[in-house]
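Subject: Structure handover

Hello,

Please find the structure below, followed by notes on what was found in it.

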Amino acid sequence: MNTAANRDRPPAVNAVTQHRLPPLPYSFDALEPSIDARTMKLHHDVHHADYVGKLNTALTELPELQEASALWLLCNLSQIPRESRVAVHHNAGGHVNHSLFWQTMTPDSNEEPQGPLRDALHRTFGSVEAFKADFEAAGSRHFGSGWVWLVAPPESTGPLEIMTTAGHDNPTMKGLVPLLLNDVWEHAYYLRYENRRADYLKAWWTVVDWNEASRRLDDRDRALPP
Ligand code: MN
């Protein structure tokens, strides 16, 4: 696949060599009651910020990689020196996934997917409700920290797929295009839902930005942050 994530040489992000924490596109309390304001603030300002900070720290030792995008780093781990590889893997993944996650949610969620996304969900899962049930089950089943995803194959009309990844791995590492993702690390839900991950997964549908998922399906080259 010839995408930005798989070029042989790291593409320049911009003139700035430091990765930056993107602002939340809404206020901390905008996703109440599904996700509480305290969780959103800790999740964005502490957890996501920590991944960005640790990624920048890891890259201080690697001047040749300082202009690579976080997604490129995550998808080209074999090109990271061995002694830095784990730190870059975890923190580039944390930065990429959380950046995508904030954009996947909105306080103005429309209740149901429309158009080609709706058609693709029906073709693959039978109905939107069946898709939601499968997505919740996959997220509930996933052991330990990770993410649950709805992905599309690149540049084709093949079936959609639900998958989970461990840690902060991302389906783009396998050449797939993320449409939706939910964070099943305990830090994403524990304050309000405690151990009831399934309740969090069910409540999350009320804040999903289906328009964003549709845009990612319609324009698969644009599905991830640079
Ligand atoms: Mn998280």
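Is His187 buried or exposed? At 18% relative accessibility, His187 counts as buried, where buried means under 20% relative accessible area, exposed means over 50%, and partly exposed is in between (1.4 Å probe, protein chains only).

Before the rest, some notes on the source. This is a predicted model, in which local features need pLDDT of at least 70, side-chain atom pairs count only at pLDDT 80 or more, and totals for chains, interfaces and linings use all residues. Residues are numbered from 1 along each chain as its sequence is written, and side-chain values use heavy atoms, with hydrogens and water left out.

Overall layout

The protein has eight helices and three strands. Both kinds of element are DSSP runs numbered from the N terminus: helices are H or I with at least four residues, strands are E with at least two. Along the sequence the pattern reads α-α-α-α-α-β-β-β-α-α-α. Of the 226 residues in the protein, 50% are buried. Contact here means heavy atoms within 4.5 Å. Among contacts between residues at least 6 apart in sequence, 70% join residues at least 24 apart.

The manganese site

Four residues coordinate the manganese ion at 2.0 to 2.1 Å: His43 (NE2), His98 (NE2), Asp183 (OD) and His187 (NE2). Donors are N, O and S atoms within 2.8 Å of the metal (3.2 Å for Na, K and Ca); water is not among the atoms, so sites may look incomplete. The spacing of the donor residues in sequence is H-x54-H-x84-D-x3-H.

Helix α1 against helix α3

Helix α1 (37-59) and helix α3 (residues 82-103) pack at an angle of about 140°, with their axes 8 Å apart. Axes are lines fitted to C-alpha atoms, for helices over the stretch in contact, and angles run from 0 to 180 degrees between N-to-C directions. The two helices α1 and α3 are therefore oblique to each other; angles under 35 degrees count as roughly parallel, over 145 as roughly antiparallel, 65 to 115 as roughly perpendicular and the rest as oblique. The crossing of α1 and α3 is left-handed, a term used if the near helix is turned anticlockwise from the far one by less than a right angle, with clockwise being right-handed.

Residues of α1 in this contact include His43, His48 and Tyr51, and those of α3 include Asn91, His95 and His98. By class, the contact of α1 with α3 has eleven nonpolar, nine polar and two charged residues. Ala, Val, Leu, Ile, Met, Phe, Trp, Tyr, Cys and Pro count as nonpolar, Asp, Glu, Lys and Arg as charged, and the others, Gly among them, as polar.

Asn91 is found in helix α3 and is buried, with a relative accessible area of 8%. Not counting residues up to four places away in sequence, Asn91 touches Asp50, Tyr51, Lys54 and Leu55.

Helix α4 and its partners

Helix α4 (residues 115-125) packs against helix α5 (residues 128-141) at an angle of about 70°, with their axes 8 Å apart. The pair α4 and α5 is therefore roughly perpendicular, and its crossing is left-handed. Leu121, His122 and Phe125 of α4 make the contact with Val128, Ala130, Phe131 and Asp134 of α5.

With α8, helix α4 packs at an angle of about 85°, again with axes 8 Å apart. That makes α4 roughly perpendicular to α8. The contact is made by Pro116, Leu117, Ala120 and Leu121 of α4 and Trp210, Ala213, Ser214, Leu217 and Asp218 of α8.

Ser214 lies in helix α8 (residues 210-218) and counts as buried at 13% relative accessibility. Ser214 and Gln114 are 100 residues apart in sequence and 7.7 Å apart in space, C-alpha to C-alpha.

Backbone details

Most residues other than glycine have a negative phi, and most peptide bonds are trans. Glu194, although not a glycine, has a positive phi of about 50°. Glu194 sits in the loop between α6 (190-193) and α7 (197-203) and is partly exposed, with a relative accessible area of 43%. A cis peptide bond, with omega about 0°, joins Glu32 and Pro33. Pro33 lies in the segment before α1.

Regards
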